[in-house]
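Visitor: I have a structure open and would like to go through some of it. Can we start with the helices?

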Amino acid sequence: MNFSLSSKAIASAKADCLVIGLPEKGTWPDSTNQADEALGGLIKTLQKAGDLSGKNATTLTIPLTDQPWSRLLVVGTGKDTDRSPANYRKALIAMMTALKDGPSKSVVIALADTTVTGEEAASSEAARLSLIGRTLEDQLYTFSDFKSEKPAARKLNKAVVLASSAGKALKDAFNLGLATGRGMNLARDLGNTPPNICHPEWLAQQAKKLAKDYDCIKTEVLDEKQMEKMGMNTILAVGKGSTQPPRLIVMEYRGGKAKDKPHVLVGKGITFDTGGISLKPGEGMDEMKYDMGGSASVFGAMKVLAETQPKINVVAVIAAAENMPDGGASRPGDIVTTLSGMTVEILNTDAEGRLVLCDALTYVKKFDPAAVIDLATLTGACIIALGNHATGLLANNDDLADELLAAGERAGDRAWRLPLWDEYQSQLDSNFADMANIGGRPAGTITAACFLSRFAKDYRWAHLDIAGTAWHSGKAKGSSGRPVPLLVDYLMSHAGK
């Protein structure tokens, strides 16, 4: 698929299809007025006749003759006052739904001059172009690697997006959106790959491939013998019941100054989670291939960095293991010594994500990080608390939490902060070890973060619980690619100019 940005006049932008936006109520964008003039008032006529309502995310395709375009796609963009970035994205998704399997081979998209409400950072033309680019990529995503009959190739192969100029700032914004979409799609590919293929060593191979494809990425992989020598006993304990050995994957992107402290991303990479000895119910267990959603998002963010090469230093650490039950698996009641030296009583082997993460959080101290953000499909309790719309956020630093919340708002990839008060820590008390790995049913998301916080005291740290947002269930089952947009926005906000 070929994507480009152009500042051509709308009448000279030839394509099989022209896309314009029509408000339900409010001022028409200049591009829509220009298209209407070129079409002799057709759009106004159809609106007055009731054929076009402008209601948000509605679409109507109109055949044309003797015009630079064979057809016109009118996308309803709602009321000016209600056009938040989220509603604007809904209109973009509706556009792509109408286009992607249609007859057009080429399209000109004139939606960047449709105004959006909200803060300048989220509503500027640059922000709109970035969102258009991201939506183009992520809405064209398919995953058919394991189908014997492949879907027919789409006819659509070229999209030109009109903007007020084709200058560097707007081009960079558009290209960042495209790269973010591709990063999301990498995360989705990894998440959707079946667990008999996607295991810890396979993930390590994907990290090595990323380093091979991009010179700016450096990858190191620690195997089980190296982890044992270092004392990463909790990662090893989770992987003991599987024939697939665990791996610690380290990817580095050094685009900033040598003295700049890196931002560190830590991803939970449980490539399949049966619950171990504390076996999960069988219903829906196939979706536990998505328990590596945190690591998939880290991969996605690193791909965006590699493509756009911002001036920032980022280290990605992925703790990868498979949680299976066999004669060698960890038992409820086992006590293990973490890399930090603290001991953990494993009361539930299905609370394994925090066990692989705690050693990784200790390991990353060596990088002297500016901040550490871990991502994990950690608790079902987060889905109960926030549903499937918001990522759970907990942090030991208010400024870092605020930065991530703001990044999520700008990117339309929202998070919600939960408390991390000391009062919750006592739920992790153990009679036999320094701590237990569960704190009971109350406040399950918070006590999981309390556990992790004990290993993140030496730096600014935030935890993103993506159990409700990393994948979709039901008819639309599949990896979502979240929270790659949030991560990318956060990292770009810290990149040098």
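Visitor: Is the crossing of α6 and α15 right-handed or left-handed?
Guide: The crossing of α6 and α15 is right-handed. Keep in mind that this is a predicted model.

Visitor: At what angle do α6 and α15 pack?
Guide: Helix α6, residues 168-192, packs against helix α15, residues 484-493, at about 135°, and their axes are 9 Å apart. That makes α6 oblique to α15.

Visitor: Which residues make the contact?
Guide: On α6 they are Leu176, Thr180, Gly183, Met184 and Ala187. On α15 they are Val484, Pro485, Val488 and Met492.

Visitor: And how many of them are nonpolar, polar or charged?
Guide: The contact of α6 with α15 has 7 nonpolar and 2 polar residues, and no charged ones.

Visitor: What about α5 and α6, how do they cross?
Guide: The axes of α5 and α6 come within 7 Å and cross at roughly 30°. Their crossing is right-handed.

Visitor: Which residues of α5 and α6 are in contact there?
Guide: From α5, the contact includes Glu125, Ala126, Leu129 and Ser130. From α6, it includes Leu170, Ala173, Phe174 and Leu176. By class, the residues of the contact of α5 with α6 divide into 10 nonpolar, 6 polar and 6 charged.

Visitor: Then α3 and α5: what is the angle, and how far apart are the axes?
Guide: Helix α3 (residues 85-99) and helix α5 (residues 125-139) pack at about 40°, with axes 10 Å apart. That makes α3 oblique to α5. The crossing of α3 past α5 is right-handed.

Visitor: Which residues of α3 touch α5?
Guide: Pro85, Tyr88, Arg89, Leu92, Ile93, Met95 and Met96 of α3 make the contact. Among their partners on α5 are Arg128, Leu131, Ile132 and Arg134. The residues of this contact of α3 with α5 divide into 9 nonpolar, 2 polar and 4 charged.

Visitor: New topic. How many disulfides does the structure hold?
Guide: The structure holds 0 disulfides. A disulfide is a covalent bond between the sulfur atoms of two cysteines.

Visitor: Is Cys17 buried or exposed?
Guide: Cys17 counts as buried because its relative accessibility is 2%. Cys198 counts as buried too, at 1% relative accessibility.

Visitor: Let's go to α14. How many of its residues are buried?
Guide: Helix α14 is mostly covered, with 10 of its 10 residues buried. Among them are Gly444, Thr445, Ile446 and Phe451.

Visitor: Thr445, then. Which residues is Thr445 in contact with?
Guide: Leaving aside its neighbours within four places in sequence, Thr445 is in contact with Thr379, Ala381, Cys382, Leu394, Leu418 and Asp465. Thr445 lies in helix α14, residues 444-453, and counts as buried at 4% relative accessibility.

Visitor: And how far is Thr445 from Asn56?
Guide: Their C-alpha atoms are separated by 36 Å, and Thr445 and Asn56 are 389 residues apart along the chain.

Visitor: Where is Ala443?
Guide: Ala443 is in the loop between β16 (435-436) and α14. Ala443 is partly exposed, with a relative accessible area of 29%. Its phi is near 55°, a positive value in a residue other than glycine.

Visitor: What is the phi of Gln309?
Guide: Gln309 has a positive phi of about 50°, although Gln309 is not a glycine. Gln309 is found in the loop between α10 (293-308) and β10 (313-323).

Visitor: Is the peptide bond from Arg482 to Pro483 cis or trans?
Guide: That bond, from Arg482 to Pro483, is cis, with omega near 5°. Pro483 is in the loop between β19 (478-479) and α15.

Visitor: Last one. Is Leu64 buried or exposed?
Guide: Leu64 is buried, with a relative accessible area of 13%. The place of Leu64 is the loop between β3 (59-63) and β4 (69-76).

Visitor: Which residues is Leu64 in contact with?
Guide: Setting aside neighbours within four places in sequence, Leu64 is in contact with Leu39, Leu42, Trp69, Ser70, Arg71 and Leu72. Leu64 and Asp16 are 48 residues apart in sequence and 9.9 Å apart in space, C-alpha to C-alpha.

Note on methods:
Residues numbered from 1 in each chain as written. Predicted model: local features only at pLDDT ≥ 70, side-chain atom pairs only at ≥ 80, totals over all residues. Heavy atoms only, no water. Axes fitted to C-alpha atoms, helices over the stretch in contact; angles between N-to-C directions. Helix = DSSP H or I, 4+ residues; strand = E, 2+ residues; numbered from the N terminus. Parallel < 35°, antiparallel > 145°, perpendicular 65-115°, else oblique. Left-handed = near helix turned anticlockwise from the far one by under 90°. Contact = heavy atoms within 4.5 Å. Nonpolar A, V, L, I, M, F, W, Y, C, P; charged D, E, K, R; others polar. Disulfide = S-S within 2.5 Å. Buried < 20%, exposed > 50% of the residue type's maximum accessible area, 1.4 Å probe, protein only.
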